[in-house]
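Me: I would like to learn how to read backbone angles and pockets in a model, taking one feature at a time. Could you go through them with me?

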Amino acid sequence: MEEKKISLEVVNPNAAGIDIGSRSHWVAVGQNAEDVKEFGVYSQDQMDLCEWLKAKNVNSIALESTGTYWQNLFSTLVGQGFDVILVNGRQTKNIKGKKTDIKDCQWIQKLHSLGLLSASFLPDSDTDTVRTYSRHRLNLLNRSASCVKRIQKYLRLMNMRLEVVVRDIVGLTGTSIIEAFVNGEYNGTELAKLRHGNCRKSEDEIARALQYNNRQDYLFALKQEWETYKYIQKQIQQTDLEINDLLKHIVDKNDNKKQHYIEKKSTSEKIKMV
């Protein structure tokens, strides 16, 4: 019985594969040793890489999404007119048959030339910019939450049981009390007078919860944590302004988005509606 053979058709004959690294990138335009070359990560190295690919008549490139190291090179390659796809590393690792005697970049080049790799989703530039701001804001919120936990810990160690009498220690009442405390007001009765009108606990109960035990080491740590918290809040506000300005710019330059954008009503307009 005649043995059946199946061959894979080359889809991208002028394909290249790039193995992204933190200090260098390995590039393959074929399966021979002379088809592999290493390049650095500096801007000039990236331009040299592009010139080498052009000399090899490469028009389609696949590179793995390794951390954030791929982003600058990806932008450079696209800017030089190459057709570039970003590939999830699981695609190249999960396909069986990879040999240990060839470099990763050659394996990527082979899979790409056979059309076995699919591009990862990449957002447009505006969406990518918004995502960067949003992720940064989330990091700030996480830092702020950790800072609040440490503030609460130091208050508790000083017998300032603010978390017992207020729902949120960095709310209106809590913020006023902590600000006065770190500025030298240690008397619980005086601190309780800073209670906001919406607070459910009475001044007397708040005063009994705020009995400072005179631990200077915890007070020092609390002061620094409080300054850190206020600084992070300022950064969050600045980030919110940047996001707001960016979104306005994105909406203003797109007529389709303008149709779905509703300006906030002024106070006078709200009164008229009522």
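Me: Where does asparagine 214 lie?

Reply: In this predicted model, asparagine 214 lies in the loop between helix H9 (203-209) and helix H10 (216-252).

Me: What is the phi of asparagine 214, and how should I read such a value?

Reply: As a general idea, most residues other than glycine have a negative phi. Here asparagine 214 has a phi near 65 degrees, which is positive although the residue is not a glycine.

Me: Is asparagine 214 buried or exposed?

Reply: Asparagine 214 is exposed, because its relative accessible area is 52% and the cut-off for that class is over 50%.

Me: Where does asparagine 159 lie, between which helices?

Reply: Asparagine 159 is found in the loop between helix H5 (125-157) and helix H6 (162-165); its phi is also positive, at about 65 degrees. With 39% relative accessibility, asparagine 159 counts as partly exposed.

Me: What is the volume of the largest pocket, and which residues are closest to its centre?

Reply: The largest pocket has a volume of about 440 Å³, and of the 17 residues that line it, Trp70, Gln71, Leu122, Asp128 and Arg131 are the closest to its centre. Helix H2 (70-79) gives the most to this lining, with six residues, and the lining as a whole comprises six nonpolar, seven polar and four charged residues.

Me: Which residues lie nearest the centre of the second largest pocket?

Reply: They are Val166, Arg167, Asn198, Cys199 and Arg200, out of 14 lining residues, in a pocket with a volume of about 310 Å³. Here H7 gives the most to the lining, with three residues.

Methods:
Residues numbered from 1 in each chain as written. Predicted model: local features only at pLDDT ≥ 70, side-chain atom pairs only at ≥ 80, totals over all residues. Heavy atoms only, no water. Helix = DSSP H or I, 4+ residues; strand = E, 2+ residues; numbered from the N terminus. Buried < 20%, exposed > 50% of the residue type's maximum accessible area, 1.4 Å probe, protein only. 1 Å grid on protein atoms, 1.4 Å probe; cavity = no way out; pocket = protein on both sides within 12 Å on 5 of 7 lines; lining within 4 Å. Points joined across faces, edges and corners; volume = space filled by probe spheres on them. Nonpolar A, V, L, I, M, F, W, Y, C, P; charged D, E, K, R; others polar.
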